[in-house]
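Let's take a walk through the aromatic side chains of this model. Have the structure open beside you and follow along.

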Amino acid sequence: MRTWLRRFAVVLLLAASVTLIGLSRIGSPWVESTRTFVVDLVTPALAALSRPIDAVSDWFDGLYQLTDVRSENQRLRQKISSQRQWEHRARQLEAENRTLRKLLVMTPKGAPPRVTARVIADPGHTFVRSVLINAGTQAGLRKGLAAVNDEGLVGRVTHVGARSARVLLLTDLNSRIPVLVERSRDRAILAGDNTGLPRLIYLPVGVTPEAGDRIVTSGHGGVFPAGLAVGVVVSLSSRGARVQARVKPYVNWNRLEFLRIIDHPIRGIIPATQAAGRGRKAKAK
Amino acid sequence: MRTLSLTQQLDHWARNLTPFAITVALVFLGVVPLPMPDFGAIAPALALISVYYWAIFRPDLLPAVAVFAVGLLEDVLDGGALGTRALVLLAVYGLVAVQRRRLIGRSFLALWGGFFLVGSLAIVVEWVILFTLHWQAINPVPALFQLFVTAALYPCLAWLLTRVHGAVLRQD
């Protein structure tokens with residue numbers, strides 16, 4: 001009798017699981033709010049767990065670096081001198097850009113406010129690619145904000161709790177980011193497919209990116225700020241008439257420790273009266 | 001039958017909770033970020049080992065409800081559709097429950113082999129769920145690598161669990 005009941009329990013719970021999957025699929029808000037609530041609950045534990053691991057790995061890093069100091073120094077010195085040239089060029093361009101914007105009476109580009117958060121859980125799930133960070137609504141985060149680190153775009157905030165948030169990595173199956181091929185300014189969408197090399201889809205017909213082309217966010221749709229570094233085109237293959245390009249993101253997924261969440265100034269659709277007012281002001285000038 | 005004192009009852013209760021507590025702890029350990037090359041893709045499914053072990057040796061202490069809860073916790077943490085991991089772990093639990101009589105007296109190698117089979121089932125179930133949800137065939141090779149890594153860790157973790165089993169649970 002006991003084993004029969006146990007087996008029945010398994011079947012019942014299997015059915016419950018299927019129902020939950022269905023509910024998740026249709027995007028039931030109840031499911032998501034429960035999930036966010038639970039994540040918020042366990043965030044302190046996760047943060048506490050990951051701290052010693054980070055400390056230990058930093059220690060090991062230090063050890064490895066000691067064995068490589070001289071050549072690393074040389075490499076870094078060369079890098080600094082080439083970076084200095086880029087810095088100089090960047091400052092020149094920035095000054096030029098500022099002057100041109102003033103001439104065109106364009107709105108100034110301020111540095112967007114940002115929040116830095118630590119990655120507290122990297123589930124490393126082979127089929128879903130997202131990480132948890134230890135900042136939430138209390139830190140000012142909202143759904144949809146871009147997450148970057150020093151190397152480039154990491155992903156996008158999809159769920160926000162009080163003290164935690166989930167960042168969907170740009171390699172995930174569900175990730176779709178509007179991007180630009182920097183050289184030709186062609187628009188496309190970067191679609192993740194759970195591999196390390198997301199694809200460029202919806203390229204204009206007849207456009208072929210070249211290997212080595214830099215990909216940046218386009219800022220279209222108000223999804224992300226424009227100009228965030230995403231990656232580099234690495235391989236091209238043709239699928240009939242269309243060319244499929246794969247992008248290697250700049251970000252090293254094994255080294256996700258701290259992320260910056262960028263607050264995007266556009267907060268959705270501008271109310272009609274505000275837009276009309278701006279139009280009138282422009283005309284008066 | 002003598003009635004147990006409060007401390008004895010608490011002790012009994014705490015011991016019985018051990019398999020569940022260990023499995024939950026392994027879920028947390030599994031999501032802590034480790035900066036190893038491509039770790040994300042091959043992080044071992046430690047909780048699966050624990051579920052397999054307790055399903056064979058003490059299914060009364062890790063009932064289906066507990067497995068369901070562990071699966072839900074994994075889903076909450078890894079961002080997959082809620083219920084995916086629960087379904088996978090329940091399928092594994094169910095299979096082990098059915099085959100338990102065959103597994104219980106066997107050598108360690110047989111159990112290891114059994115785990116490998118069970119792990120393969122887990123991958124298949126998960127792949128099917130994701131295929132049904134997203135209508136896209138996802139490359140299963142990373143999951144296979146993960147299975148190998150997990151299977152490689154099985155002896156070590158199973159040994160630990162046996163120690164815990166002996167120390168904490170056989171005292172009655």
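Start with a cluster in which ring pairs join Tyr52(B), Phe108(B), Trp112(B), Phe115(B) and Tyr154(B). Here, rings of Phe, Tyr and Trp (its six-membered ring) pair if their centres lie within 6.5 Å; planes under 30 degrees apart are stacked, over 60 edge-to-face, and the rest tilted. Over all chains, that rule gives ten aromatic pairs.

Helices are DSSP runs of H or I with at least four residues, numbered from the N terminus. How open are these two side chains? Phe108(B) has 38% relative accessibility and is therefore partly exposed, and Trp112(B), at 29%, is partly exposed as well. Buried means under 20% relative accessible area, exposed over 50%, and partly exposed in between (1.4 Å probe, protein chains only).

Now move to Phe115(B) and Tyr154(B), a stacked pair with 4.9 Å from centre to centre and 20° between the planes. This pair links distant parts of the chain, 39 residues apart: Phe115(B) belongs to helix α6 of chain B and Tyr154(B) to helix α7 (residues 141-169) of chain B. Phe115(B) is buried at 0% relative accessibility, and Tyr154(B) is buried at 2%.

A note on reading all this: the model is predicted, so local features need pLDDT of at least 70 and side-chain atom pairs count only at pLDDT 80 or more, while totals for chains, interfaces and linings use all residues. Residues are numbered from 1 along each chain as its sequence is written, chains are lettered from A and ligands numbered from 1 in the order in which they are written, and side-chain values use heavy atoms, leaving out hydrogens and water.

Terms used:
Helix = DSSP H or I, 4+ residues; strand = E, 2+ residues; numbered from the N terminus.
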